[in-house]
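Work through the exercises below with the sequence and the 3D structure in view. Try each task before reading its solution.

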Amino acid sequence: MNSSSSPFQFAKLKTRQLMLLVLAAASPAVLMHTWFFGYGMLLNIALAAVIGLSSEAVCLWLQNKPIKVALSDYSALVTALLFAVTIPPGTAWWLIAMGMVFAIALVKHAYGGLGHNVFNPAMAGYLFLLLAFPLSMTAWHLPQAAVTPASDHSPLSWTGFIESLSFVFPIIQNQTIDIDGLAMATPLIEYKMAGQNAVLEAYREGLPLFSRSSGTGWELVNMAYLIGGLFLLSLRIISWHIPVAIIASVLMMSLLFYSDGGSSVNGTPYLHLFGSATMIGAFFIATDPVSAATSNPARIVYGIIIGCSIYGIRVWGSYLDSIAIAVLFANFCAPMLDHFFRPRIFGQVRWSPLRGQTSHE
């Protein structure tokens, strides 16, 4: 890593160790994704990782930079993971390839590589596909319909793997596979922002929480990301300022505009936190040390911008799942926040708007 530019990491851990810890923290949520949505999620991750590492190697080769050393920092794998879990399971290979090449080549290396990129590569790649191919990027399967609903086999069976593979590589399909029960991205969209607490409903009806038919998939996935985020906080891999600011902002906005009875099209506060991608956004995406704000006051404002943008775009905008847009907008604001909230040098003369005079710090 170039020590003359961000990200600065004054710790005993090296970049590759930090990235491995991030991957480990996200692994429970990935397993939860796979359980509810089938093998398509693992295929997404595997293909994104291969294409991401290949793109990174080509970019490094074109710049005459050492390839092996740069690839061993695992930053491309983290980008691939965050990108892969945001797109529907079993997305066609060429869409994954376009998104990852855009993320690695144009968003990361066009700005100079790790430590220089202005925007979050994974979210930029996802938003590129969302704007170019909105139907493909919002066709999430319902958990109980991760594969052909007419069949009675498990999404994690061998047949389920073959069917998932046929979506990623359509050329291997021997027959047309009809999929019913496709939902728009998350329960927030599926229920028009008025869905109920699936975990609580499953408990009341005596349904197993981990049953695909109970509809608890997205909520349990978010809880897994929350646990992984707390793990990163406990190791001080990330600071609390951004996640807390995002979650608090989303919670306050959803409470402020929530109507009584749970029938509001604005969605329940619980659903805003656990029915979409809020937790992965707060702990794994927005905390990117390169594209986020750096000082602690700036991080808090940065998180508030993301939280308010998430809610505003969901409720009053055209994209109900708005993590990528909110994070990229905050990335755009990060240099300005760092400028206005940069730490003062001890002894520097500062004008006080309250006292109307200068003072020494």
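The exercises concern a predicted model, and each task is followed by a worked solution.

**Exercise 1. The chain as a whole**

Task: State how many helices and strands the protein chain has, and what percentage of its residues count as buried.

Solution. Start with the secondary structure: the protein chain has 16 helices and four strands. Next take burial: 50% of the 361 residues count as buried.

**Exercise 2. Aromatic rings**

Task: Explain why the pair Y225 and F284 is edge-to-face.

Solution. A pair of aromatic rings is described by the distance of the centres and the angle of the planes. Rings pair if their centres lie within 6.5 Å, and planes over 60 degrees apart count as edge-to-face. The chain has eight aromatic pairs by this rule. In the pair of Y225 and F284, the centres are 5.6 Å apart and the planes stand at 65°, so the pair is edge-to-face.

Now place the two residues. Y225 is in helix α11 (residues 217-234) and F284 is in helix α14 (residues 278-285). They are 59 residues apart, and the pair links distant parts of the chain. Both Y225 and F284 are buried. The helix that holds F284 can be checked as well: eight of the eight residues of α14 are buried, among them M279, I280 and F283. Elsewhere, ring pairs join F257, Y311 and W316 into a cluster.

**Exercise 3. Buried or exposed?**

Task: Decide whether E56, W93, W35 and S136 are buried, partly exposed or exposed.

Solution. The cut-offs needed are these: buried is under 20% relative accessible area, exposed is over 50%, and partly exposed is in between.

- E56 lies in helix α2. Its relative accessibility is 2%, so E56 is buried. Leaving out residues up to four places away in sequence, E56 touches A70, L71, D73, S75, A76, I104, K108 and H109.
- W93 lies in helix α5 (residues 93-108). Its relative accessibility is 42%, so W93 is partly exposed.
- W35 lies in helix α1. Its relative accessible area is 35%, so W35 is partly exposed. W35 and S211 are 176 residues apart in sequence, and their C-alpha atoms are 9.3 Å apart.
- S136 lies in helix α7 (residues 134-137). Its relative accessibility is 34%, so S136 is partly exposed. Beyond four places in sequence, S136 touches P88 and L95. The C-alpha atoms of S136 and T91 are separated by 7.5 Å.

**Exercise 4. Positive phi**

Task: For Y74 and R236, give the phi angle and the loop in which each residue is found.

Solution. Most residues other than glycine have a negative phi. Y74 is not a glycine, yet its phi is near 65°. Y74 is found in the loop between α3 (67-71) and α4 (75-84), and at 22% relative accessibility it counts as partly exposed. R236, also not a glycine, has a positive phi of about 60°. R236 is in the loop between α11 and α12 (241-256), and at 74% relative accessibility it counts as exposed.

How values were computed
Residues numbered from 1 in each chain as written. Predicted model: local features only at pLDDT ≥ 70, side-chain atom pairs only at ≥ 80, totals over all residues. Heavy atoms only, no water. Phe/Tyr/Trp six-rings, centres within 6.5 Å; stacked < 30°, edge-to-face > 60°. Helix = DSSP H or I, 4+ residues; strand = E, 2+ residues; numbered from the N terminus. Buried < 20%, exposed > 50% of the residue type's maximum accessible area, 1.4 Å probe, protein only. Contact = heavy atoms within 4.5 Å.
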